Amino acid sequence: MRCQKMSSNQETGMETITMTTDLLIAPITALLYNGPYLITGEGPYLNIYDTKTQNKITSQKIFTSQRIHGIRHSHENVFVIFGQKAFRMLSISWNSELNTCRVQFEMDVRELSDWIWDIQCLDNANHIAVALGHNSVELWDWKQGILIEQVHCEEKCILYSASFVNKSWSQLALFAGTVFNQVLLWRPASGRSKEGRVVPDLRCTGHEGVIFNVQYSFTHKILCSVSDDRSIRLWPVESLDCPSSPVLNDAKLVMYGHSARVWAARLLSKNIISIGEDATCIVWNYEGKILHKFKGHKGRSIWSLAVNKEETMIATGGGDSSIRLWYLDSESHNELAAVEGIHLQHYVQTHNGFDKNDFARTVMLTNNAEVITMTNAGYLLGYQLKTKLWRIITHDARFRSYGITSLSPSHHLVALGNIHGDIKIVHLSSPKYVQLSNAFESKVLGLCWADDQKLVSSGPEGRLILWNVCMTENELTAAKSMMFFLPESRQRWITTAAVLPYGRGILCGDKRGSLHHFPYPVDSNTEPIQPVTTLRGVHGKVGVTDICCHNNNVYSTGRDGTYKEYQFHDNFLQVMNTNKVYKGFEWIEKILIKENGEMQVLGFHTTHFVVWSVSQNQTLFQVDCGGGHRTWGYAELENISCFAFIKARDVFLCKQTGLQKQLILKDSLHGRELTCAKFLERINVKGIGYLLMATGSEDTMVKIVAVDCKTSKAVVIKTLQDHISSVRDLAICESHYSHGIKKHECQNKREEAEKLLFSVGGRCSIKCWRLVIKDNAENLESACTVSLLASYGTLDAKQRRKRMRQRQPLDPDTRYMALQVTSAQDVDKSLPHYNQFLTIAASDGFIRLFNFSEVHKTFINIWSSSWHNVCLLSLTQIIHKLPEGNAVVVCSAGTDGRVALWDITNLIYTYHSGVDKCQRSNEDKFYSEDSCSSKDDISCKGLESNFNLHKLTKDELMNPESSEHAERHLEKAMSAGSSSSVQIKEDVDITGASGIEENHKPLFTKRIHQSGINTMDIVNTGSDYLLASGGDDNAIHVTILKVRIQENGHIKFDVGDSFSIPSAHATLISGVKFLDKHNLLSSSIDQRLNSWKINHNKMKLIGSEFTHVADTSGLNVTIIGEKVYILLHGQGFQLLSTSSKVDE
């Protein structure tokens, strides 16, 4: 990795700064196969991977500031690398035995005057031809560094793409894609006009957008062009020397398949490969038929493409920084598998003894390649896929007209239930069965196998019976084990069940969308057991479809489009994470977890049944079956995916061979640009040091990333998907309350750190996650566990109506832009340890103060002000030490260039005094409902526990923790519209009984910038504070704030001398951070990381590092030991470090 020294004034602060890039994650912009090795370009770095072992062999920085756009093989082991306006020659020495290689530069970086579109290595090994952006070609002797010749085309235009053909200068031809939607063919060595320019030999017109890529195939005599108009066009070009016509107006074939712009294409012997902005790689044949669609990349754009020499594997590099390898099968592959009928109705109509009008009611598919179906007449039939013959398994007239079925996990047993309350368990490969007559007084509502020996049956009035099923050589038996009761609900029967590990009992999911945990009884009690935990409406109101257990985690799926992850804490089930597959996938039926840990999600998207791979991020199987309201069965039989379903009263089967295969050579981080990032902790896992950080993105996800401090490899260990819009900012604070235990009462604090991670974003959303970070954990997965504590702003229709009645509307267009968090303990040690206060800047011009209670997992908006009246962009805060306690001052800034300082200390004290006042009033009833929640929505309530309406006993009132109950009463009074109501759209939200000042004004305001202020940071100099800000006007301002303590104990700020750099960067400033009171870092869209020295009220630039993150959106700094880590984020992220010491 490259180092750059930044000299500095040695009188104060840092003597020198030596920056080292530890990690770069950027779009993959160039790919080239060389035998089993794949050479890639990521930013200015050339990385080489072994596709057999899927390991990175080496990494070498090629350019200083340019991004690699192309890699071309010259001769033997020599390659030319180019990007933007520069190129460089290098040689690679391979050692296949040791699986290593060595990169040696053959020349220094050569910078040209124009953009490079293509480079062709000629027969003369020292010569290369370079195609430039203004439709010209240069001939270079790269070894001597001499420009031999420069040739211009007669067509004076800008090129968007170019591609050379032939390797001798005399025969060299260039296909050029112009800004005028045309493709030109011209030969640099051909005759010239009077102006000394070359006349084009061929002109292809017809595209309705600029040309992004052109390729020519000598084998097929075809020119392929791709364009902004989303089309791929094939042009017949029989000869390059004498084209049949100087102008081609009509393409031989026009192909549409991409949903966005097409970036590139490759012509193979049998196929055409194309990539586009829709992050899709499509394989075509030469008739224009789509054979494959590879959709593994996340977010936007596949930028690079390569095919190995044997044309058996495709490599794609995406804007999500991932590299994926796709197997190119010789046979064509249909994206939608073919459906065939297995003619059940024909069977019953042509065989004696059947009702000719009989039809299928349910269908199942076993791993023994047999379709099992229950008919309306009470027949249980089997259809062997190999022999294509039907068989009668059993027949019972009592199961006529109504019959439900359930297949055991081993696929050996089928349980049947009827309208009379009977249950029948049938063995599929033998005549054994067991009849359980009158298990219920009326019909059986549900049958679910918890495992192969435990069957849960559901009857009227929420009654459940657990049956122990035993299979021996001689008989099949079932005995009633215990009885359960479901809580009251409208649809009171189960849809799925599972046995929990470690003897924790049975977990059931019901039609109402709730989960119920039933423990095993400790004695021989025969009374029905009530659930010990109920997560009500965890999957909305449309039902839980599946429960499965893997390792220590429990997963559930539902028709609300989510699958959730749970863990047990103190024998209580807790939601850890909520996941979605992709937009529109709203009907999830099942989760399959393979032996290698791969997770597959099964469900319905519109009219299609879909099998989705979570790790590969692609569809493995898809069939048009008509939608989700039908019974179905799915199984994988000898690498053949089979899907059986009922449609129009008959049974249909779909089989698909050769599931789309891919290898992930380098995994992705985010699919869109990063908007925020925070450092978390440094941990050790098996002796390896890792740096943990949290990142938020436009793709609505928050990810916990671990960076190996030795190898600089990044691994995503947690993905948090609860946001429904972009994540704008993150904040971290220590957790002072863990499962009802104060932190000072916990043991092993060094081994386990608990933090609260707050995230804000679009749709007025706030999320709080609890992170438990373990040092010296067994693996990375267990090193950090995450659970969602509470949500705010994500409302359903019922909650929106409720807020409208309370005059608390939430504007869906409002975005929470910036966030600062303060613990009550940071203000005064006597305040409750479980309260956190969040200051949030919003796009609607309001600055808001929220209270978050770790006990109740609720957000309460306790104050807001619209003083700015413009979109707010940034926040920072000061915690100033006072003789008694601390003062918290928040600095806000918006698009008008003004900053305002707010003293929120009194607001925090007033809020707690309101809680104490409610406690002393000895109210009888207290509530735990958040102002944004309803009893049926678990996402807006605390997810770890449920609080219900109850009266406090005398002992509870005497308990010091009863202030928690008082706080809940105050929050309820606020949300109910009482005299202390919360009004989001008013200048001041809480008045009257709460005692919060109605006209809370800023301490200090000043217009600093000409336009928006994107970033701010504050540092304490000992006696004063320095406020640094960066804005859209490219300027950095430093304001000196002097603090005075008034007689009433309040603080006041006076403005001292201010100084600024009007043109600190070439474009808007995206981040400023103090390293200490003398050193400041700044980042910008111009991809520069500048280091500034502050001394004697002056600011001096002491160094500038070019960064490789485009559209930089922010800057974050942390100091761990004697090392300073700097994180830049935008289109990817770059982690830099310096070993220089920072003076205190």
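What relative accessible area does Arg192 have, and is Arg192 buried or exposed, or partly exposed?

Tutor: Arg192 has a relative accessible area of 40% and is therefore partly exposed; buried means under 20%, exposed over 50%, and partly exposed in between, with a 1.4 Å probe and protein chains only. The model is a predicted one, in which local features need pLDDT of at least 70 and side-chain atom pairs count only at pLDDT 80 or more, while totals for chains, interfaces and linings use all residues. Residues are numbered from 1 along each chain as its sequence is written, and side-chain values use heavy atoms, with hydrogens and water left out.

The side chain of Arg192 meets that of Glu149 in a salt bridge, with an N to O distance of 2.4 Å. Arg192 belongs to the loop between strand 18 (182-186) and strand 19 (202-205), and Glu149 to strand 15 (residues 146-152), so the contact ties together parts that are 43 residues apart in sequence. Strands are DSSP runs of E of at least two residues, numbered with the helices (H or I, at least four residues) from the N terminus. Glu149, with a relative accessible area of 24%, is likewise partly exposed.

This contact is one of 29 salt bridges found in a search of the whole structure, each being a side-chain nitrogen of Lys or Arg within 4 Å of a carboxyl oxygen of Asp or Glu. Another joins Asp1054 and Arg1044, whose side chains meet at 2.6 Å, N to O. Because Asp1054 lies in strand 84 (residues 1051-1061) and Arg1044 in strand 83 (residues 1036-1045), this pair ties together parts that are ten residues apart in sequence. Both ends are partly exposed, Asp1054 at 27% and Arg1044 at 37%.

Strand 53 (residues 587-593) pairs with strand 54 in the antiparallel sense over six bridges; two strands pair if DSSP finds at least two bridges between them. Trp587 has Phe604 of strand 54 as its bridge partner. These two strands form a hairpin with five residues between them, and Gly597 in the turn has a positive phi of about 90°.

Strand 54 (residues 599-605) is mostly covered, with six of its seven residues buried. Its antiparallel pairing with strand 55 (residues 608-613) also runs over six bridges, and Phe604 has Phe609 as its bridge partner in strand 55. Two residues separate strand 54 from strand 55 in their hairpin, where Thr606 takes a positive phi near 55°.
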